[in-house]
Amino acid sequence: AQTIRFATEASYPPFEFVDADNKIQGFDVDLANALCREIGAECTFSNQAFDSLIPSLKFRRFDAVMAGMDITPEREKQVLFTNPYYDNSALFVVQKGKVANIDALKGKRVGVQNGTTHQKYLSEKQADIQLVPYDSYQNAILDLKNGRIDAVFGDTAVVNEWLKQNPNLAALGEKVTDKSYFGTGLGIAVRQGNTELQGKFNAALDKVKADGTYKTIYSKWFQQ
Ligand SMILES: NC(=[NH2+])NCCC[C@H](N)C(=O)O
């Protein structure tokens with residue numbers, strides 16, 4: 001069978017994380033495995049720094065990137081995306097009672113992961129916020145809990161997961177859905193020109209959406 005090598009950055013539950021047995025798990029992994037079953041391919045996952053995913057894909061170290069990655073016009077200049085597989089938005093998280101509203105984040109320190117749409121959005125749209133870049137969102141949340149930073153900005157489903165694990169954290173303000181950063185949804189990236197794999201993924205996505213597999217996987221990982 002064909003082998004499809006996926007790369008991700010696995011500190012991003014519920015999309016992807018490393019479990020107690022050192023296995024990469026999550027919504028993206030379950031969905032990728034369902035797609036691979038449709039395609040009749042063998043799939044492998046490896047864990048990389050988020051900002052190295054697109055460069056490594058271009059260098060042919062992997063065949064596909066599935067990492068809670070937003071489809072953006074800027075990334076589309078470098079890679080080819082499948083149709084969106086998840087509707088995305090972004091949200092701030094703070095220590096409960098510490099920050100009144102998004103305006104109050106002016107001059108404050110906000111953690112983001114390097115290479116993400118969150119980093120780009122804040123640097124371009126919220127220049128008054130002091131950005132603190134992290135290699136992983138796990139480290140950003142640790143610093144938020146320790147009070148080294150004032151907020152973290154991440155994908156809504158991931159923020160909801162942090163809120164579940166940390167009763168002392170709270171969401172701040174409304175979801176951000178600016179189309180040029182977060183609006184188009186998450187996609188699987190393949191190399192420019194690899195329309196063959198893109199086509200297989202899209203056909204498999206249609207299939208798992210139609211036969212209920214997608215819904216089952218979705219309900220396993222996201223609270224309704
Ligand atoms: N696996 C991860 N750490 N993903 C971070 C994704 C963040 C954001 N959705 C982006 O595309 O830039």
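Biologist: How many cavities of 30 Å³ or more does the count come to?

Modeller: Rolling a probe the size of a water molecule over the atoms shows where empty space is left. In this predicted model, the count comes to 1 cavity of 30 Å³ or more.

Biologist: What volume does the largest cavity have, and which residues line the largest cavity?

Modeller: Its volume is about 80 Å³. The lining consists of E9, Y12, F50, A67, G68, D70, R75, Q113, T116, T117, H118 and D155. By class, this lining divides into 3 nonpolar, 5 polar and 4 charged residues.

Biologist: What is the space taken by the ligand?

Modeller: The ligand takes the space of the largest cavity. Around the ligand there are 15 residues, of which E9, D70, Q113, T117 and D155 come nearest. The shell has 4 nonpolar, 6 polar and 5 charged residues.

Biologist: Which atoms of the ligand lie 2.6 Å from the side chain of D70, and 2.7 Å from that of Q113?

Modeller: For D70, a nitrogen atom of the ligand is 2.6 Å from a side-chain N or O atom. For Q113, a nitrogen atom of the ligand is 2.7 Å from an N or O atom in the side chain. With T117 the backbone takes part: one of its N or O atoms lies 2.8 Å from an oxygen atom of the ligand.

Biologist: How much of the ligand does the protein bury?

Modeller: Taken alone, the ligand exposes 350 Å², and the protein buries 100% of that.

How values were computed: Residues are numbered from 1 along each chain as its sequence is written. This is a predicted model: local features need pLDDT of at least 70, side-chain atom pairs count only at pLDDT 80 or more; totals for chains, interfaces and linings use all residues. Side-chain values use heavy atoms; hydrogens and water are left out. On a 1 Å grid over the protein atoms alone, a cavity is a set of points where a 1.4 Å probe fits but cannot get out, and a pocket is an open set with protein on both sides within 12 Å along at least five of seven lines; lining residues have an atom within 4 Å of a point. Grid points are joined across faces, edges and corners, and a volume is the space filled by probe spheres set on the points. Ala, Val, Leu, Ile, Met, Phe, Trp, Tyr, Cys and Pro count as nonpolar, Asp, Glu, Lys and Arg as charged, and the others, Gly among them, as polar. A residue is near a molecule or strand if one of its heavy atoms lies within 4 Å of it. A polar contact is a pair of N or O atoms within 3.5 Å; within protein, one must be able to donate a hydrogen and the other to accept it, and residues adjacent in sequence count only if both atoms are side-chain atoms. Accessible areas come from the Shrake-Rupley method with a 1.4 Å probe; for residues, only the protein chains shown count as cover. A molecule sits in a cavity or pocket if more than half of its atoms lie within 2 Å of its grid points.
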